[in-house]
Amino acid sequence: MIVVGGEALVDLVPGEPLDSTVDGGLRALLPRMGGGPYNVALAAGRLGVPTGFLSRVSNDRFGVALVDRLHASGVDTALLQRGNEPTTLAVVALDEKGSARYTFYTEGTADRLVGDPGPLPDGVTALSLGTLGMVLEPGASTYETVLRRESARGVLTVLDPNIRAALITDPAAYRARFESWLPHIRLLKISDDDTEWLAEGADPVEAAKVWTSRGVDAVVLTRGAQGLSVITRAGEIAQVPSRRVAVVDTIGAGDTVQGALLAWLYSNGVRDVSTLDADGWRTALEFAAKAASITVSRSGAEPPTADDMASAV
């Protein structure tokens, strides 16, 4: 089983414009369930691989909807914790290219109060973490403990930092903490933009090479229109282009890449990514790029199912 840990939240996504004479040209905000790790779990679960979600979710109306959607996507919730705190909210603004910017409301919300579940079940083969779960305390320390413990047990550990700079009050401290995670991470999935932020402007491929020298087995770079690349300790060994589609928005695209990679690795029996050669990585990246292309063709984070993947050209 794959376990994904981190926040589940509600994105408030712009809908149709309101009456500008009354509301100043603002748009209606439509609730869409999300959160980076939540979307990763949905993506993997919908692709038909055993997936569990580790988090703390509110008992409010949003929380009920979040859990129902996990169940509908085939995600196991045995590790899910519940609380009466409110659900985290993210207000989304889209630019002319459909790219999203976020304003978060996180004070006293349920997901940041997740408790340590102890060692994960023996059947867990991969653990995926990232986004706000690795930033907001006290939950960030909980997930860090889980990361270090499961890495020591030989679980395939995967991280997508998915940087939300507005919530990182001390960038230098976060960068130092990220460096401390590297020996415990086998696969790092990260965007060009996040790489430049973490490495303070360094070239993404060169930064990835540094991270592999510090313990990571492989770094998958998501590069927007340039597609996906993978850098291992042998250097950049595979690259695939992005697929041409009509983009509605990019919400959940990177999360879909993460979930699809996890699903492909699980389905192909890969428990150690250092054993993959260039052809294997190319096939894995093509699968992830295909999944992400379906997500960006839809409004909000709606990862594809296995049937969607089979029917897509």
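Predicted model: local features only at pLDDT ≥ 70, side-chain atom pairs only at ≥ 80, totals over all residues.
Setting aside neighbours within four places in sequence, Leu-198 is in contact with Pro-161, Ile-163, Tyr-174, Arg-175, Phe-178, Ile-190 and Trp-211. Val-247 is 49 residues from Leu-198 in sequence, and the C-alpha atoms of Leu-198 and Val-247 are 27 Å apart in space.

## Nonpolar cores

The largest nonpolar core has 46 residues. Within this core, the residues with the most contacts are Phe-53, Leu-265, Trp-281 and Leu-285. Helix 9, residues 278-296, gives the most to the core, with eight residues. Another core lies apart from it and has 38 residues, among them Leu-129, Leu-132, Val-135 and Trp-181.

What does Trp-281 touch, leaving aside its neighbours within four places in sequence? Trp-281 is in contact with Leu-187, Ala-218, Val-220, Val-230, Thr-232, Ile-237, Ala-238, Val-273 and Leu-276.

## Helix 8 against helix 9

Two packed helices are described by the angle between their axes and the distance between the axes. Helix 8 (residues 253-267) packs with helix 9 at an angle of about 140°, and their axes are 8 Å apart. That angle makes helix 8 oblique to helix 9. The crossing of these two helices is right-handed.

On the helix 8 side, the residues of the contact are Ala-253, Thr-256, Val-257, Ala-260, Leu-261 and Trp-264. They meet Gly-280, Thr-283, Ala-284, Leu-285, Phe-287, Ala-288, Ala-291, Ala-292, Thr-295 and Val-296 in helix 9. By type, the residues of this contact divide into twelve nonpolar, four polar and no charged. Leu-285 takes part in this contact and is also one of the residues with the most contacts inside the largest nonpolar core.

## Helix 2

How many of the eleven residues of helix 2 are buried? Eleven of the eleven are, so helix 2 (residues 36-46) is largely enclosed by the rest of the structure. The buried residues are Gly-36, Pro-37, Tyr-38, Asn-39, Val-40, Ala-41, Leu-42, Ala-43, Ala-44, Gly-45 and Arg-46.

Gly-48 follows helix 2, and the phi of Gly-48 is positive, near 90°.

Key: Residues numbered from 1 in each chain as written. Heavy atoms only, no water. Core = buried A, V, L, I, M, F, W, Y, C linked by side-chain atoms within 4.5 Å. Buried < 20%, exposed > 50% of the residue type's maximum accessible area, 1.4 Å probe, protein only. Helix = DSSP H or I, 4+ residues; strand = E, 2+ residues; numbered from the N terminus. Contact = heavy atoms within 4.5 Å. Axes fitted to C-alpha atoms, helices over the stretch in contact; angles between N-to-C directions. Parallel < 35°, antiparallel > 145°, perpendicular 65-115°, else oblique. Left-handed = near helix turned anticlockwise from the far one by under 90°. Nonpolar A, V, L, I, M, F, W, Y, C, P; charged D, E, K, R; others polar.
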